[in-house]
Amino acid sequence: MEKRKPELERMSMRRDEEIEEEMKSLAKKVGKDIPTSQVRKIFSEIKRLSWKLKHGEKIEVDKAMVRLKPRIAYIAARKNVLKPLYDRLSSYISSTKEEKDLDKLAFALETFIAYQKYFKEYKEG
């Protein structure tokens, strides 16, 4: 008998405060070692999907996320320092199934980028 994986909590069900704390902690720990351009590539792809949805284009978000995961894995493989971010985003992506989940995923990346800049600028951490 095959064991079923427990359902991941949907991104839209996560509290903003929880996401903010996770991204802040991650940015503090590894943000200064991760090239901002690599994170922005991922963020741009998510924003592009979100824009298409908001402008009426039909997108199956869950399928788009399946396609996004290998791209992020490739970026992470090229820059080993991205592995902790990949691990967190992989979990987030797996729980992104519809537009409101995608908005939360965009918020998570935006938050990471903001704290990454903060910790690089002020060298705290």
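**Aromatic residues**

Tyr118 is partly exposed, at a relative accessible area of 33%, whereas Phe119 is buried at 4% (buried means under 20% relative accessible area, exposed over 50%, partly exposed in between, with a 1.4 Å probe and protein chains only). The model is predicted: local features need pLDDT of at least 70 and side-chain atom pairs 80 or more, while totals for chains, interfaces and linings use all residues. Residues are numbered from 1 along each chain as its sequence is written, and side-chain values use heavy atoms, leaving out hydrogens and water.

Three aromatic pairs are found in the whole structure (rings of Phe, Tyr and Trp, the last by its six-membered ring, pair if their centres lie within 6.5 Å; planes under 30 degrees apart count as stacked, over 60 as edge-to-face and the rest as tilted). The ring centres of Tyr115 and Phe119 are 6.1 Å apart and their planes meet at 25°, so this pair is stacked. Tyr118 and Phe119 pair edge-to-face, with 5.2 Å between centres and 75° between planes. Tyr115, Tyr118, Phe119 and Tyr122 form one aromatic cluster.

**Salt bridges**

The structure holds 15 salt bridges (a side-chain nitrogen of Lys or Arg within 4 Å of a carboxyl oxygen of Asp or Glu). One of them joins Glu22 and Arg88, at 4.0 Å from N to O. Glu22 lies in helix 1 and Arg88 in helix 4, so the bridge ties together parts 66 residues apart in sequence (helices are DSSP runs of H or I, at least four residues, numbered from the N terminus).

Lys54 and Asp103 also form a salt bridge, at 3.2 Å from N to O.

Methods. Helix = DSSP H or I, 4+ residues; strand = E, 2+ residues; numbered from the N terminus.
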